Amino acid sequence: MSAQRSLPQRRAPVAVIIALAAVTLLPRAAAADLADLGLEALLGVEVTSVSRKAQRLQDAAAAVFVVTNEDIRRSGVTSIPEALRMVPGLQVARFSNDKWAVSARGAAGRFANKLLVMIDGRSVYSPLFSGVLWEAQDMLLDDVDRIEVIRGPGAALWGANAVNGIINIITKKAKDTQGGLAQLGAGTEERGYAALRYGGASGEDTQYRVYAKTYARDGSVDMNGASGGDNSRSLKSGFRLDRRISAGDRLMATGDVYEARSGEQWSVPQVTPPYGALTPMTERNRGVNLLGRYERSFEDGSAAALQAYIDSTYLAVAPFVTERRDTVDLDFQHQLRPGSGHDFIWGLSYRESRDEVSTSGFIRLFPDSEDFRLVSAFVHDDISLVREKFRLIIGAKIEHNSFTGTEPQPNVRLLWTPDASHTVWAAASRAVRTPSRADRESILDESVTPPFSAGNPSPLPLLVQSTFQPGVKRLSEKLDALELGYRAQFDPRLALDLAAFSNRYPRLRGLVTGPTTVQLFPAPYVLQQFYLDNGLSGRTTGFEASLDWRPLNRWRLQGSYSLVHVKFDASSDFGRNTYAQFIRDSAPRSQYSIRSLLDLEPGRQFDLWLRHVAGIARGDIPAYTELDARYGWQVRKDLDLSLVGQNLLHSRHREYLEDLVHSPLLQVQRGFYVQARWHF
Amino acid sequence: MAGFALGVHGQEVASDAQVKAAFLVNFAKFLEWPPEAFPGRDAPLTLCATGRGPVGAALSAYERRVVQSRELRVRRSVTPEDLRGCHMLYVGESEERQMLQILRSAAGLPLVTVSDIDGFADAGGTIGLVDAEQRVQFEVNIASAQRANVRVSSQLLRLARNTRGKLQ
């Protein structure tokens, strides 16, 4: 904590200064002249992506940010979490070459349990640790149409665990990926990847695509420069089918099958010497999923959608953890406009998730098998109070799950659009996070301190363990959030988005000091236990800004800045305070990102991306600034090449210390790769 | 700078809404409505817009401009019950789920429907706006225009990227 406090005060947010300068300098566009161009010339007019993006957002009474396919392509990223670094309000840290801690608005961690992540409507949030195993979520990035990120609670529409944010990854329709695509890349960190995709059609109304992708990624290095043992490989294949059955009926089906493997090193605590030997491990992920969605719109203006998916996953880090999980999810939504000015949606959903978990050694979860059921219903009414000026959105979701019972999650939002280019919104909401299996009945040996050492002067080794208290029920975590936002489209070339929030968490999962005992087996040791409970409470406040500016037709700048302040309520308990500090010291207080996308000449692009993340006290991570660069060359209409340099400013830097198990602190290295993309 | 900036490669850049509104005004130059669609020789040509998007606002900039010797009138936020008097109707992307209802209400009226909803022309709309490679293209459903008793000039069809139905 002290390390953070001693950091120099950051300058005023860069983005805001640029915004103010830009507003005064830019000429206003006189739209009416466009019509004089004539139809033929109009067909050639380039539409700024700045405003296209903003239009989709103009309507939302929430802090929304969209990463487009173009953003992904031109940033040179090779994975989804890497692309999320450009989103304000998200904390993205790479702690191993294939493993990421992605969180929103200050709740840091690899299993940042308050963030819901969906791919085409399928949740990839793991109910085991309540988080996302990003290493198992590789995608063919060319297929991603956009990533919509909603910071703040989205529980009323999306349900539990959409506490601090929702990441919604949406793939392109099959009609937008017709023909063939071959992609090849090779480099220093990105050792090699290859992807093949083919899209075809059957008649006018049915399109499909199939793809396969594989990659091999080099490992990172530890603090001594030695190999981190975290090489990774993945193979994934899948399809998407879109069919228009009639004017109002559409069907979509998509599915994937994948296998991924990544190395890591765990320091497994043990009460006999050497107390914590570094052991190389392999994490394996396998899975298969299938999703279908049927949408129908009726002539009375109402519409309905029915979606179903099955998802089967397997996770193993032998010999400590294996998990097999099968999930079935059904979702129905009905939208209607009962009277003028109302846009009413209601829905029902059912999820059943059955697992078989086996754990041993320092990590134990009970019971071995569990069947989790979730039933939920929501209503949502978007009311136009004053036509085109004021909208009121009220909604609530009621969930019943087999762990914690019934959880109501209401929200109310107000949107004011004084004119077509300015939007002010405010929201008050409550969201809930259902305890994961690890939050409920689990025992985790956190660490062993050898005898006669600095932290343990006693003659016996000290084992620190977090454990559940039999008979004490875990509660859901709650969030009461207040948000305020402002969006402006000053000009087709300039868009600004500001959001501020104050989140109150009245009963977070935490730890409280338990008994200290002397144990005799397998060798004598002191056992210090901490109990899992819901006694932690606190508040986070913060501010996020993003700016999209196109000073020239061929030059686009995008900046974002976020600031978050985490404060837990004072407690007299040692365990609670230690845990609170652990969480608080895991998130950077501020960060910014500036991207420059420049068309040098037709078919040649030069893109830069500068990122700064403030220091993190836990793991003693200093603040860092990094730069990525990309040169893109459209060789022929059907072939493009790009050369990408990542993390160019330092040969290596550290971002985050793994928080669940003891792993060595690893450093991300500078890397280069080349990519060829061929459409056929 | 005159109006909007001229690009380095000689291309113009404008917002999506501005471009779409300009398309609507240009379409009006290539369409011929039946005489009974207008109460009088000098009656205005009415462009209507549904939905919340900014296209309606961009369209308002063309209020009182003269096209085919008629002044343009712009009506925003029209409802499906309220289409009478409209000559062209822009259906906002936000209205996707109401598309069929709107098309049904438009049936039998001398009304050209235009939208950027995916598959609009296929679903029975007259002109579909299609986003392609940072530019806007359009497709025309001739049968829909014929049902509305509106004649589409061959110049317009020539520039369309796709046409449905045949010219009689």
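Student: How many bridges join E34(A) to strand E35 of chain A?

Tutor: Two strands pair if DSSP finds at least two bridges between them. Strands (E, at least two residues) and helices (H or I, at least four) are DSSP runs, numbered from the N terminus. In this predicted model, three bridges join E34(A) to E35 (residues 666–669) of chain A, and the two run antiparallel. A:Arg652 stands opposite A:Gln669 in E35(A).

Student: In what order do the strands of the open sheet lie?

Tutor: The order is E12-E35-E34 in chain A, with antiparallel pairing. E12 (221–222) and E34 (652–654) are the edge strands, each pairing on one side only.

Student: How should I read the numbering and the confidence limits?

Tutor: Residues are numbered from 1 along each chain as its sequence is written, and chains are lettered from A and ligands numbered from 1 in the order written. Local features need pLDDT of at least 70, side-chain atom pairs count only at pLDDT 80 or more, and totals for chains, interfaces and linings use all residues.

Student: Is B:Arg97 buried or exposed?

Tutor: Count other C-beta atoms, placed from the backbone, within 10 Å: 20 or more is buried, 12 or fewer exposed, in between partly exposed. B:Arg97 has 23, so it is buried. B:Arg97 lies in the loop between strand E6 (88–91) and helix H3 (99–106) of chain B.

Student: Which residues is B:Arg97 in contact with, leaving aside its neighbours within four places in sequence?

Tutor: Contact means C-beta atoms, placed from the backbone, within 7 Å. With those neighbours set aside, B:Arg97 touches A:Ser297, A:Ala303 and A:Gln335 by this criterion.

Key. Two residues are in contact if their C-beta atoms, placed from the backbone, lie within 7 Å.
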